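Please look over the sequence and the model shown here before reading the numbered points that follow. They are meant to be read with the structure open beside them.

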Amino acid sequence: MKNEWKIRFGAENLKGREVPLGRCFSWNSAQGSIPAAYISEKGILLDICMEYDRESYRAYLNRFRDLFDREGKINNQRMLRFQQEDPMDCYFRTELLINGNGLKHYEGHGMRWVPKALEPIISDEVDMQPVMERYGLAKDKVWQFRREAFLWESEADPLEGQWELLLRQWPQMHLAQTFELPQTGQQATVKNPLTGMEHRITVTDIQRKRIQKFRKEHFAFPENCLVMAYTLEPELPAKSFFLRDTAESDPPRETETDSAVTCLTSDDSRPEGRYAVSSLHFDPVETVTWQAVFRAKTTEDIRITLR
């Protein structure tokens, strides 16, 4: 039985014109196609299909078979690596231009198709079936599907103009060294994994704080953390580098108290300049293993002429 083909703009059923496009492109290790657009009074939908190399994806999955420890808990460091190295990188934004004017982006969502022979768990197989059938995508290959919606606020016919699509990758996380800096004045050197450039971290202040953010009936939440102020040399843009605690926060604990649900804050001040905040724990935080994280794009923007 063939799956029903549904087109929605937000929560609304879309009634409009299908515009075949059939544009192909190469980008970010994928072979992509834009088979069609759909036009209604509210806006324009674009469908984007991206094929990834099957054997490369198999090798990627095999590198991360041990995401869980012996107790069945996720190894968070391995999970970060798993996300960072995912060839099916979904973190990009789109911009549709008609006659050089950008349309307002309304929403976007994505799915992936991974053959069960490679991985029986992570594929959105049920949801992807209509897409696979509609566009004749080979089911033994690895696919990422994106549907992007743009508002059309003009009374003119959009088909009268030139269409261009811009794909822009969001800056990605790139993990570097881990280290401990328990005292003011101590230093550590980290290397940018993309450029090879070394940066020196110097601790300027360390404070142990108690932060009360949430209260819920019959539960206690961790409140203790460590806040470390530091400098970075050579300096980078603020959003291009940060430090993260490699440990997870303690989970909430059940209690016998009857406290009402509240939201509280205490000693939530932050230093000026660069600083890092540890995970939250029930006991005072004495030492933290920090991980340096660089954020940067690894793929150039691409402009695709659609019609």
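**Notes on the predicted model**

1. At 9% relative accessibility, L21 counts as buried, where buried means under 20% relative accessible area, exposed means over 50%, and partly exposed lies in between (1.4 Å probe, protein chains only). This residue belongs to strand β3, and strands here are DSSP runs of E of at least two residues, whereas helices are runs of H or I of at least four, both numbered from the N terminus. Leaving aside residues up to four places away in sequence, L21 touches I34, P35, A36, A37, L46, L306 and R307, with contact taken as heavy atoms within 4.5 Å. One of these residues, A37, is 16 residues from L21 along the chain, and the C-alpha atoms of L21 and A37 are separated by 7.0 Å.

2. Before going further, please keep in mind that this is a predicted model, in which local features need pLDDT of at least 70 and side-chain atom pairs count only at pLDDT 80 or more, while totals for chains, interfaces and linings use all residues. Residues are numbered from 1 along each chain as its sequence is written, and side-chain values use heavy atoms, with hydrogens and water left out.

3. The predictor's confidence in each residue is given as pLDDT, from 0 to 100; the protein averages 85, and 85% of the residues score at least 70. Confidence is lowest in strand β2 (residues 12-13), with a mean of 70, and highest in strand β12 (residues 187-191), at 97. Over residues 259-265 the pLDDT stays under 50, and for this stretch the model has 15 contacts beyond four places in sequence.

4. Most residues other than glycine have a negative phi, and most peptide bonds are trans. S29, in the loop between β3 (17-27) and β4 (30-39), is not a glycine and yet has a positive phi of about 65 degrees; S29 is exposed, with a relative accessible area of 59%. N99, in the loop between β6 (92-98) and β7 (101-102), is likewise not a glycine but has a positive phi of about 55 degrees, and N99 is exposed at 53%. The peptide bond from E233 to P234 is cis, with omega near -10 degrees, and P234 is found in the loop between β15 (224-233) and β16 (241-245).

5. Why is β16 largely enclosed by the rest of the structure? The reason is that 4 of the 5 residues of β16 are buried. Strand β16 runs antiparallel to strand β19 (residues 290-296), to which 5 bridges join it, and two strands pair if DSSP finds at least two bridges between them. In β19, F294 is the bridge partner of F241.
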